[in-house]
Amino acid sequence: MWDYSEKVLDHYRNPRNVGKIDNADLIGEAGSLACGDSLKLYLKLDGEKIVDAKFQTFGCGSAVASSSILTEMIIGKTLDEAKEITNKDIAEELGGLPQEKMHCSVMGHEALEDALNKYYGGKYNNTTVTNSSEKVVCTCFNVTENQILEAIKINNLKTVEEITNYTKAGGACGRCKGYIKDILETYWGGVNKTEKEELTPTQKILKISKVIDQQISPELQKDGGDIEFVDLDGNKVKVKLTGMCQGCKNSQMTIKTFVESILKDKVDSSLEVEQV
Amino acid sequence: MIYLDNNATTAVDEKVLEEMLPYLKGEYANPSSMYDFAKKPAAAIRDARVKVRDFFGAKDEKEIFFTSCGSESANMAIRGVLNCNKEKRHIITTKVEHPCVLNTYKYFEKQGYEVDYIGVNAYGELEVEELKSKLRKDTALVSVMYANNETGVIHPVEEIAEYVKSKSPETRVFVDGVQAAGKIPMDVKNTKIDLMGISGHKFHAPKGIGALYMKPDVRITSLIAGGHQERGLRAGTENVPYIVGMGKAAELSLDALKYEGTEVKRLRDKLEAGILKNVFNARLNTSVSGRVPNTSNIGFEYVEGELILLHLSDLGICASSGSACTSGSLEPSHVLRAMGIPFTALHGSIRFSLSRFTKESDIDYVIEKMPAIMDKLTSISPFQEELQALRQRKQH
């Protein structure tokens, strides 16, 4: 049972502004039936002011609550003011949402964004992320790189799991998790690059050894394997896989997609990992 | 409160609790100890083992091993068999098994095992011919659940075991019997099934106790190394009160089997008929007669399952859903997807599961309340045109 706030309970039990506005000026849509939730948002304008808003939602309790509170938040606002509303604002207004349900607030925001985009002729875009792209990352839930970047930016997301909670991406077959990790790394790498200081070789070895012991080794042990840090040669990290990992046909993949990406993220992006 | 989620867990029968209490109070001796004080708990375990033997329809109580739960029983059987038979590297199972079985096979797949996952038809019935065609010389294990937890559909495990043994006598057959136990008669001694797991809390014993049936010629390794308990295959001091509780629950459930097959079934059928008649967007996800008598899975089109459950809960009704939002993952039920249930109903699928404690008035109340809930929830749905079409079709 989810730990829903009183406000979420109130809004799924007594949703406000349910229905359709017949001569709506703007209609925003997000989600789909196949993915398990979808939202249609109707706006009535007087000039640039939202004078009425209604919604229809197919989704769980927090999806209905997010849609309902969103209509309350935007009625009476100008389009410029509405533009500033993010998924975080929706979740906060509801007194918080369980982490796994944050994607409901994101759906509300996406429907609003869709409606506003129609008004501004597609020119409106809340993201200021450069190189934004409509490329689909998660094919199961049809989530684009843009949507992921926006969720990272607004909610300060740092892990793949958080991305899944907020956007659903990676929540089904999981094949795009590597891709999501790359997006996270690119985003935070770009932001943090200047903050990272150059490590001396000894510091680097210590740091690599610490990351392997504390973050990589425990994961491999779960599958009955393990890893040993053998040597650092320039930027080449030499490791040895042991236990079940030894001779496993997926070991090369483990090295590249798991070990190397963590070391790149935590120690130095120029590191390469090889098995000895 | 109206509790219609008995496939998730059941209420502990008062008589079971009564039987357990002495072993939670004064009779705390370790049954392995060598003094008179230990005689009573040791005898209580023997007695419980006999009752569980009869519940399984097993020949000998030596074939019964107590575990902590259904998941442990499944892990003990699967890992135990495969670890004892390392040259055979092929497994056959189904797409609709419980996660404790599926995830164990996922683990073995990572170890290089080849696993065939057999599908089900639109009614949730196993593709038995396909299963038979996959049997090979190096098949270590064929693993099929007795009844599915979400749909209640019973799989022909006896026929499958018979076939497997006739073609490949050394292949082991494991049956996850968790959802069949206490709902339909079991008679393992007259089958070729090698191992079967059950879980106490699905038939009115408390949570934290399970059992594994195993034919005498089967060899397995143990999950837990330690003492001599459970003939060395499941170490750890016996959980005496819970073993006693499961023994009593097994006895009571065996006595109540006829009631399950007639009265519980009548109430289940009444619930299905009532909802189908009164709720325009309801459809049975499966209606085959070969189901355990207590389970019903109904899809409510264009409405999401968690939202239905929350509104049911507000009226004191407990049920469960195969929707993505309730499963903790983001994907809807793997069972309903394997059946090819359309998206329109998949996310709005609700499982009602009854027990011998379900009252007629409970069922009447749900039938009475369901139409108003659906009127409210369909009015929120963005799929008004589709819903209107359904409404008209229902009227004709």
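Two strands pair if DSSP finds at least two bridges between them. By that rule, B:Ala282 has B:Phe300 of β10(B) as its bridge partner. This is a predicted model, where local features need pLDDT of at least 70, side-chain atom pairs count only at pLDDT 80 or more, and totals for chains, interfaces and linings use all residues. Residues are numbered from 1 along each chain as its sequence is written, while chains are lettered from A and ligands numbered from 1 in the order in which they are written.

**Chain B overall**
- Chain B holds 12 helices and 13 strands. Helices (H or I, at least four residues) and strands (E, at least two) are DSSP runs, numbered from the N terminus.
- The C-alpha trace of chain B spans about 70 × 50 × 35 Å along its principal axes.
- Of the 396 residues in chain B, 52% count as buried. Buried means 20 or more other C-beta atoms within 10 Å of the residue's own, exposed means 12 or fewer, and partly exposed lies in between; C-beta atoms are placed from the backbone.
- Among contacts in chain B with a separation of 6 or more, 72% join residues 24 or more positions apart. Two residues are in contact if their C-beta atoms, placed from the backbone, lie within 7 Å.

**A sheet in chain B**
- Four strands of chain B form an open, antiparallel sheet in the order β9-β10-β13-β12.
- Its edge strands are β9 (282-284) and β12 (320-321) of chain B, each pairing on one side only.
- Three bridges link β9(B) and β10(B) in the antiparallel sense.

**Two residues with positive phi**
- B:Arg231 is not a glycine, yet its phi is positive, about 55°. B:Arg231 sits in the loop between β8 (210-214) and α7 (240-278) of chain B. B:Arg231 counts as exposed because it has 10 C-beta neighbours inside 10 Å.
- B:Tyr302 also has a positive phi, near 65°. B:Tyr302 lies in the loop between β10 (295-300) and α8 (305-314) of chain B. B:Tyr302 is buried, because 23 other C-beta atoms lie within 10 Å.

**Domains of chain A**
- Chain A is assigned domain 1 (6-119), domain 2 (136-195) and domain 3 (201-275). Such bounds come from an automatic or database domain assignment.
- The C-alpha centres of domains 2 and 3 of chain A are 23 Å apart.
- Four residues of domain 2 of chain A are in contact with four residues of domain 3 of chain A. The domain 2 side has no nonpolar, two polar and two charged residues. Here Ala, Val, Leu, Ile, Met, Phe, Trp, Tyr, Cys and Pro count as nonpolar, Asp, Glu, Lys and Arg as charged, and the others, Gly among them, as polar.

**Nonpolar cores**
- A nonpolar core is a set of buried Ala, Val, Leu, Ile, Met, Phe, Trp, Tyr and Cys residues joined through C-beta atoms within 7 Å.
- The largest core has 83 residues, and those touching the most other members include A:Leu41, A:Ile180 and B:Leu307. Helix α5 (residues 102-119) of chain A gives this core its largest share, eight residues.
- A second, separate core of 76 residues includes B:Val173 and B:Met339.
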